[in-house]
Amino acid sequence: MGLRPMEGTFPHGIDILTTADYFAVGNRSNCFLVISVFIAGFPEYTQPMIDHLVTMKISHWDGVIRELAARALHNLAQQAPEFSATQVFPRLLSMTLSPDLHMRHGSILACAEVAYALYKLAAQENRPVTDHLDEQAVQGLKQIHQQLYDRQLYRGLGGQLMRQAVCVLIEKLSLSKMPFRGDTVIDGWQWLINDTLRHLHLISSHSRQQM
């Protein structure tokens, strides 16, 4: 009786309830990385799921939620590559300079993860990541480090989070074979890595491990 309204109100309600059982939902990582992909596999839920992650979870006060949301966007970008590249990515880039520290941190992680997801899709067909990300998106990614540096956001309150996020960004963009060879952005990244290593003893253990 209780399930029939769910089935009538929500498309695929029974399938979703069966999969997202109590034990699965009780595991936070499972919710973000497994169940979200299952639910987003139904076309009615793909874009709303991505929108929810960008709007509500990328700027969450809990850093673990922000990290899981970014990884979930990685998974979902592979189900909706065009939407992720043309609609989601510009939103994420605009959020990387937010005055809100949590939003800034989460959006940089998400940019890294979505870019890497789109690269993997392109690589399956022996195409470059720039087949998915236009020049404006590529330039936006390249400018993140310098914009943070110019605003002195690697220093003071929140500096650890910015360093950790950009270290992840450097890793994912390098794996994505972004067309940055010989660009001055590489010097900026190298400065950040060297400076962070010099001050690693001052950084919290969680951030240190991720860096």
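This is a predicted model: local features need pLDDT of at least 70, side-chain atom pairs count only at pLDDT 80 or more; totals for chains, interfaces and linings use all residues.
Colleague: What share of the contacts comes from residues 24 or more positions apart?

Modeller: They account for 66% of the contacts in the chain that have a separation of 6 or more.

Colleague: Next pair. How do α6 and α8 cross?

Modeller: The axes of α6 (residues 63-77) and α8 (residues 101-123) come within 8 Å and cross at roughly 25 degrees. With the cut-off for roughly parallel being under 35 degrees, α6 and α8 are therefore roughly parallel to each other.

Colleague: Is that crossing left-handed or right-handed?

Modeller: The crossing of α6 and α8 is right-handed. Residues of α6 in this contact include Arg66, Glu67, Ala70 and His74, and those of α8 include His105, Leu109, Glu113 and Tyr116. Sorted by class, the contact of α6 with α8 has 10 nonpolar, four polar and five charged residues.

Colleague: What about α10 and α11, where do their axes stand?

Modeller: Helix α10 is residues 159-175 and helix α11 is residues 184-198, and their axes come within 11 Å and cross at roughly 130 degrees. That makes α10 and α11 oblique to each other.

Colleague: Why oblique?

Modeller: Because roughly perpendicular runs from 65 to 115 degrees and roughly antiparallel starts over 145, a crossing of roughly 130 degrees leaves α10 and α11 oblique. The crossing of α10 and α11 is left-handed.

Colleague: Which residues make that contact?

Modeller: On the α10 side there are Arg163, Val166, Ile170, Leu173 and Ser174, which meet Trp189, Trp191, Leu192, Ile193, Asp195 and Thr196 in α11. That contact of α10 with α11 divides into seven nonpolar, two polar and two charged residues.

Colleague: Changing topic: why might charged side chains pair up?

Modeller: Side chains of opposite charge can pair when their charged atoms come close.

Colleague: Which residue does Asp195 form a salt bridge with, at 2.7 Å?

Modeller: Asp195 pairs with Arg163, and their closest N and O atoms are 2.7 Å apart. Asp195 in α11 and Arg163 in α10 are 32 residues apart, so the pair links distant parts of the chain.

Colleague: Are those two buried or exposed?

Modeller: Asp195 is buried, with a relative accessible area of 9%, and Arg163 counts as buried at 10%.

Colleague: What about Arg198 and Asp195, how far apart are their closest N and O atoms?

Modeller: Arg198 forms a salt bridge with Asp195 at 3.3 Å between the closest N and O atoms. Arg198 and Asp195 sit three residues apart in α11, so about one helical turn separates them. Arg198 is exposed, at 52% relative accessible area.

Colleague: Which residues are linked in a network of salt bridges?

Modeller: Glu125, Arg127 and Asp131 are. Within it, Arg127 bridges to Glu125 with the closest N and O atoms 2.9 Å apart, and Arg127 is partly exposed at 28%.

Colleague: Last one: where is His145?

Modeller: His145 is in helix α9, residues 135-150, and is buried at 4% relative accessible area. Beyond its neighbours within four places in sequence, His145 is in contact with Tyr154, Gly188, Trp189, Trp191 and Leu192.

Terms used:
Residues are numbered from 1 along each chain as its sequence is written. Side-chain values use heavy atoms; hydrogens and water are left out. Axes are lines fitted to C-alpha atoms, for helices over the stretch in contact, and angles run from 0 to 180 degrees between N-to-C directions. Helices (H or I, at least four residues) and strands (E, at least two) are DSSP runs, numbered from the N terminus. A crossing is left-handed if the near helix is turned anticlockwise from the far one by less than a right angle, and right-handed if clockwise. Contact means heavy atoms within 4.5 Å. Ala, Val, Leu, Ile, Met, Phe, Trp, Tyr, Cys and Pro count as nonpolar, Asp, Glu, Lys and Arg as charged, and the others, Gly among them, as polar. A salt bridge is a side-chain nitrogen of Lys or Arg within 4 Å of a carboxyl oxygen of Asp or Glu. Buried means under 20% relative accessible area, exposed over 50%, partly exposed in between (1.4 Å probe, protein chains only).
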